Structure formats: C-alpha cells, structure tokens
Amino acid sequence: MKVLFIFYVPSGGVETLNRQRSIALKEVGINCHFLYYENRRNYLNEHYNPVFIKSDEAEIIKLIKKHQYDAIVITSDFKMVPAIKKSGYKGKIFVEIQGYGSIQQTRNGFFLGKTLAENDIDGFLNPRTPHISVLLNEIFPKVPKYEFNNCFDCSNFNYKATGKSFVQPIIGWVGRIEDNKNWQEFLSICFLLKRKLRNQLQVYLFEDPTLSFPEDREKFLKAMRKYHLEKNITLLPNIPNENMADYFSMISDSGGFLCSTSKIEGAPLTALEAMSCRCPILTTDSSGIRTAVTHNITGKYYEIGNPKEAVKEGVELIQNQALRQTIINNAVSHVKTNFHPSLYAQNFKKMMTSTLVSN
C-alpha cells in the first residue's frame with residue numbers, strides 16, 4: 001500500500017510524527033510519501049521517504065494521479081478534500097486531527113469541514129485527544145473514527161548522558177510565540193521560580209520564529225524585559241529535531257524539567273520526546289497531554305492560570321529526588337509501552353484494511 005500524508009509546513013509535532021511513522025509503517029508494507037504546502041526554513045529533517053513541497057492545486061492533483069495512492073491522509077485541511085475528490089481520485093481520504101487550536105476554533109473548523117467535505121471523508125484519524133473525540137462525534141456522527149496513540153521510537157530518540165556538572169537547573173519550553181501556547185504564563189512562572197531559587201535558573205526556549213507574528217514577538221520581548229529575564233532565557237530557534245534529544249538530556253542532567261503551559265493541545269509529541277530523554281514534565285491539562293501524563297506518576301500537572309502552583313510543583317520536581325526518579329522511570333516505560341511504533345503500525349494497517357473491506 002502507498003499513502004500520501006498532507007500538511008501545511010514541515011514543522012512542529014506533525015513533522016515529528018511523519019518522520020516517526022514513515023519508518024514504522026514501512027515495517028508493515030505501507031510506503032509513505034509526504035506533501036507540505038511550503039517550507040519556511042532553510043532545511044528539511046530526514047523523512048526516510050519522498051517529500052514534496054507544493055502549494056499549487058493543479059500540481060498536487062498531478063502528483064496524486066502520478067503515484068496512484070491507496071489512501072491520502074490530510075491533516076487539518078478540509079479545503080483540500082473536495083479538490084482531490086473532484087479530480088477523480090478513487091482511493092480513501094482520511095482527515096487527521098492532531099490539534100486545531102482552541103475548542104471554539106476547532107468547533108468552527110469542524111463545521112466548515114462538514115459543509116465542505118463531510119460526504120467525501122472515509123474516516124477521521126485522531127490520537128485519542130479527548131476534546132477532539134467529543135467534537136468529532138457531535139459534528140460528524142456518521143463518519144467513521146479511528147483513534148489510537150501516535151508512534152514514538154525511543155530507540156532512536158532517547159537520553160544521552162552529557163557528563164557535565166550543572167550549577168543551576170534548566171527549564172525548557174517548546175512552542176510558538178502565540179496565544180494558545182500561553183507564553184505569558186510561562187514567563188510569569190519563570191519570574192516566580194527565579195525568585196524562589198534565588199536566581200539559580202536557566203531557561204531554554206525552543207521556538208520556530210517563522211510561525212509567529214511580529215506583534216506577538218514584540219509583546220514577548222517586552223514581557224521578558226519586564227520580568228528581568230533577559231539573562232536567564234536563551235532563545236533557541238529552529239533546532240533540528242535530531243539535536244533535540246541532546247537538549248532534553250541536558251535539561252534532565254541539570255535537574256530541571258520541561259514546562260508546557262498550553263491552553264489546549266492535540267497529541268503530546270514534544271512531551272514524548274522529553275519523557276524518552278528522562279526529562280520530566282510539568283504541564284497544564286491541555287486535553288491531548290492526558291495520554292502521556294498522569295500526575296505524580298509520569299509527570300506533573302498544575303492548574304492553568306495559577307503560576308504559583310506551577311512553581312510549587314516545579315520546585316518539587318527539582319528538589320524531591322525520589323519522586324523525580326520515580327516519575328522519570330515511569331515516563332520512559334510508559335512511552336516505550338503505549339507509543340511503540342509497531343503498535344501504531346498495527347493500528348494504522350487495521351484502519352486501512354477495514355475501510356478497504358467495507359468499501
């Protein structure tokens with residue numbers, strides 16, 4: 001079988017997933033191709049299978065006709081569905097939802113999708129994100145849903161001992177400088193944590209500046225100056241994914257943690273990367289994260305809007321070594337067991353064969 005995966009840009013969690021499932025699905029006889037509408041960076045992470053960068057609809061249809069895909073998986077973009085269907089394509093079309101912004105944005109997007117493409121979709125693919133499941137069942141009751149965890153290969157992305165001695169813990173944050181990632185709250189947490197730890201704090205902020213608006217960046221820089229965090233925060237733009245394991249391992253060895261302040265999220269791919277590298281997680285309950293984090297078992301939660309609680313939980317992650325090690329060990333085991341690539345491949349192949357049989 002041959003499958004084409006379509007997404008807007010090769011960045012963020014979807015790109016990470018594409019790279020992971022490219023290898024996993026090959027093991028069960030599914031050959032993957034990847035199409036992105038544009039690439040805003042000057043490099044492309046290895047996908048282990050063909051990657052195309054095309055935004056022209058006619059060129060995309062030409063590509064689809066040339067390769068005769070058995071199925072096309074479109075992430076989030078309902079508008080592409082009718083265009084593909086009108087071209088005469090006879091294979092299966094799945095819409096994958098890995099995250100869609102706020103709940104209201106998701107609801108609005110789904111209603112638009114219902115108008116545009118409901119009758120042309122063979123199924124929805126969703127990595128067990130609670131709020132997505134609810135909305136899909138509400139708005140698309142008759143369209144089949146396939147829900148299973150994304151894959152994550154711990155054997156290729158894992159802890160690498162730094163051999164360094166760290167004077168102060170490093171707090172990591174990964175995301176875009178935009179409202180849903182809740183960077184304002186993260187800076188507030190850093191300010192309070194810096195005071196609690198008597199300035200013994202380093203912050204690594206990983207971002208893709210091509211995906212943020214200038215006005216948001218200006219607000220971010222202004223807030224950073226307001227909290228006097230210029231000397232504490234290191235901005236790390238567009239770090240290649242292959243290097244992130246080194247950074248997560250460094251955060252782990254420093255005694256720090258990854259902090260996620262998101263308001264709502266789909267799949268927890270960044271969390272899985274950190275967990276695989278023995279880097280503990282402090283996070284909001286952003287819905288999708290629930291498949292990865294259980295409080296004080298595989299990570300820690302704090303109540304969104306309560307930076308003081310975040311600091312309390314964060315300090316415990318830094319100072320309570322027994323709890324820290326228990327969380328780290330449980331997290332690694334959880335990722336290996338429940339997000340194993342072979343499990344994803346089996347579920348994906350089952351989805352493919354069930355739709356082929358039923359149609």
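1. The sulfur of Cys277 lies 7.8 Å from the closest cysteine sulfur, that of Cys279, and this is too far for a bond. A disulfide is here a pair of cysteine sulfur atoms within 2.5 Å. Cys277 is buried, with a relative accessible area of 0%; buried means under 20% relative accessible area, exposed over 50%, and partly exposed in between (1.4 Å probe, protein chains only).

2. The model is predicted: local features need pLDDT of at least 70 and side-chain atom pairs count only at pLDDT 80 or more, while totals for chains, interfaces and linings use all residues. Residues are numbered from 1 along each chain as its sequence is written, and side-chain values use heavy atoms, with hydrogens and water left out.

3. The structure holds zero disulfides. Cys154 is accordingly in none, and the nearest cysteine sulfur, that of Cys277, is 8.5 Å away. Cys154 also counts as buried, at 9% relative accessibility.

4. Glu207 belongs to strand 9, residues 202-207 (strands are DSSP runs of E, at least two residues, numbered from the N terminus). Glu207 is buried, at 8% relative accessible area. Its side chain makes a polar contact with the side chain of Arg217 at 2.6 Å; such a contact is a pair of N or O atoms within 3.5 Å, and within protein one must be able to donate a hydrogen and the other to accept it, while residues adjacent in sequence count only if both atoms are side-chain atoms.

5. Leu272 is among the residues with the most contacts inside the largest nonpolar core, which has 51 residues. Such a core is a set of buried Ala, Val, Leu, Ile, Met, Phe, Trp, Tyr and Cys residues joined through side-chain atoms within 4.5 Å.

Conventions. Helix = DSSP H or I, 4+ residues; strand = E, 2+ residues; numbered from the N terminus.
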